[in-house]
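Subject: Handover of a structure

Dear colleague,

I am passing this structure on to you, together with some notes on what turned up when I went through it. Please read the notes with the structure open beside them.

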Amino acid sequence: RVRFGRPQSPRRAWAVLVGAGAVRTTTRTEDTAGDFSFVAPIGSASFRYEMSRNWAMAFAGRRDVTVLGGLSVEPFSSNAAVLSLNGVVARRMTLGASTSYSRGTSRVSDTGGFTMVAADLQLRYGLSPRLGLLFRYNYADHRLSDVSVVSSTFPNRFASNSFRVGITTWLPMFGSF
């Protein structure tokens, strides 16, 4: 990976991070004799812009090989993009928002693939220097097409909404508590 960055002023800066490589994968398939093996290029790039001392925006893209953990053993070549915004809303309150899109094509079959769209909104309120409340909402929409899944009753499309409330704590890595 290579990182390029430049401060524009004491409060504004930008940074670009790029990386590339290759991955070799071997998969055992039930319908063919032997192993299925391939080499695929992978890469990532991200751009982060600190608009002020308290707000930052980032865009990231990635080309990778992935599997749908717990759902299918098929490897997929996937492309993903993420846009995020993070900042301080008030003295003790921070906000984080992100949206992402991912699309993958099967490396085993010609027709299999998936798409995933997600959004995340998080609000943190500090009660003390080391204790805070966390409110988080997450939405995800998954669509599968011609993917051999572990369970035949699993739907081809599913969406989820979740809302979480929690307590966060910060502890120093070194020194006393």
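Serine 100 is buried, because its relative accessible area is 18% and the cut-off for that class is under 20%. This serine 100 belongs to strand β6, which covers residues 93-106, and, leaving aside residues up to four places away in sequence, serine 100 touches Ala81, Val82, Met116, Val117 and Ala118. Please bear in mind that the model is predicted, and that local features were considered at a pLDDT of at least 70.

The aromatic residues come next. The count of aromatic pairs comes to 1. In that pair the ring centres of phenylalanine 76 and phenylalanine 114 are 5.2 Å apart and the planes stand at 90°, so the arrangement is edge-to-face, given that angles over 60 degrees fall in that class. Phenylalanine 76 sits in strand β5 (residues 75-90) and phenylalanine 114 in strand β7 (residues 113-128), so the pair ties together parts that are 38 residues apart in sequence. As for accessibility, phenylalanine 76 is buried with a relative accessible area of 0%, and phenylalanine 114 is buried as well, with a value of 8%.

Strand β5 also holds valine 88, which is partly exposed at a relative accessible area of 30%. Its contacts, not counting residues up to four places away in sequence, are with Asn54, Trp55, Met93 and Thr94. Between valine 88 and glycine 126 there are 38 residues of separation in sequence, while the C-alpha to C-alpha distance is 11 Å.

A further residue of strand β5 is leucine 83, which counts as partly exposed with a relative accessibility of 40%. Together with Phe47, Met57, Phe59 and Leu85, Leu83 makes a nonpolar surface patch of about 420 Å². The elements that contribute two or more residues to this patch are β4 (55-67) and β5.

Let me turn to the charged side chains. Side chains of opposite charge can pair when their charged atoms come close. Across the whole structure, the search finds 5 salt bridges, of which I describe some here.

Glutamate 50 and arginine 48 meet through their side chains in a salt bridge with an N to O distance of 3.7 Å; glutamate 50 is partly exposed at 33% relative accessible area, and arginine 48 is likewise partly exposed, at 37%.

Aspartate 64 forms a salt bridge with arginine 62, and here the closest N and O atoms are 4.0 Å apart. Aspartate 64 is partly exposed with a relative accessible area of 26%, and arginine 62 is partly exposed at 43%.

Which residue forms a salt bridge with aspartate 141? The partner is arginine 157, with the closest N and O atoms 3.0 Å apart. Aspartate 141 lies in strand β8 (residues 131-145) and arginine 157 in strand β9 (residues 157-169), so this pair ties together parts that are 16 residues apart in sequence. Aspartate 141 counts as buried at 8% relative accessibility, whereas arginine 157 is partly exposed at 48%. Finally, Asp141 and Arg157 are joined by Arg143 in a network of salt bridges.

Key: Residues are numbered from 1 along each chain as its sequence is written. This is a predicted model: local features need pLDDT of at least 70, side-chain atom pairs count only at pLDDT 80 or more; totals for chains, interfaces and linings use all residues. Side-chain values use heavy atoms; hydrogens and water are left out. Rings of Phe, Tyr and Trp (its six-membered ring) pair if their centres lie within 6.5 Å; planes under 30 degrees apart count as stacked, over 60 as edge-to-face and the rest as tilted. Helices (H or I, at least four residues) and strands (E, at least two) are DSSP runs, numbered from the N terminus. Buried means under 20% relative accessible area, exposed over 50%, partly exposed in between (1.4 Å probe, protein chains only). Contact means heavy atoms within 4.5 Å. Patches are made of residues with over 30% relative accessible area and no salt bridge: like charges are joined within 9 Å, nonpolar side chains (Val, Leu, Ile, Met, Phe, Trp, Tyr) within 5 Å. Accessible areas come from the Shrake-Rupley method with a 1.4 Å probe; for residues, only the protein chains shown count as cover.
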